[in-house]
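Please examine the sequence and the structure shown below.

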Amino acid sequence: MRKLVYIASPLSGDVDANLGFARQACLNAMAQGATPFAPHRLYPQMLDDNDPVQRELGMRMGSQMLGLCDELWLCGDMVSPGMAKERELAEELDIPVRTVSMEEILYRPPDDLSWEDEPERSPGPSMEAPC
């Protein structure tokens, strides 16, 4: 099974550019054989990041998902306040934290994507009745 990585990168400021960078960070993770989860690519589609109540809800849901991940990847050359909170939580939960530079993310071409098949499993018991 692929490693599940939580992608943390800035959102506020130039939101469109930052969402594009988050997309590249996800592609970078996939190219390295990981399954990325980037809450800031998902929750802003449903929630208003400019509304403090909705932003807090998105952060809480992201924190819950972080607890399910194998690693936290801090992506980019700066750590936003939200990313700092995610790092603190990962450290509390003993989840490894990896820093991935902007250069590393933008350098890896997305055509490196592949999905290795899981090993074949032995067939389970047949549900057919014997003849």
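Two strands pair if DSSP finds at least two bridges between them; helices (H or I, at least four residues) and strands (E, at least two) are DSSP runs, numbered from the N terminus. This is a predicted model, in which local features need pLDDT of at least 70, side-chain atom pairs count only at pLDDT 80 or more, and totals for chains, interfaces and linings use all residues. Residues are numbered from 1 along each chain as its sequence is written, and side-chain values use heavy atoms, with hydrogens and water left out.

**Strand pairing**
- Lys3 has Ala34 of E2 as its bridge partner.
- Helix H1 (residues 15-31) carries the chain from E1 to E2 in a right-handed β-α-β crossover (with the strands pointing away from the viewer, the path from the first strand over the helix to the second runs clockwise).
- E1 (residues 3-8) and E2 (residues 34-37) are parallel and share four bridges.

**Helix H4**
- The 12 residues of H4 (residues 81-92) reach 17 Å from first to last C-alpha, close to the expected 16 Å (1.5 Å times one less than the number of residues).
- Gly82, Met83, Ala84, Glu86 and Ala90 of H4 are buried (under 20% relative accessible area, 1.4 Å probe, protein chains only).
- Among the elements covering these buried residues are E1, H3 (52-66) and E4 (97-100), where contact means heavy atoms within 4.5 Å.

**Cysteines**
- The structure contains zero disulfides (pairs of cysteine sulfur atoms within 2.5 Å).
- The closest cysteine sulfur to that of Cys26 belongs to Cys75 and lies 7.9 Å away, too far for a bond.
- Cys26 is buried at 13% relative accessibility, and Cys69 is buried at 7%.

Notes
Buried means under 20% relative accessible area, exposed over 50%, partly exposed in between (1.4 Å probe, protein chains only).
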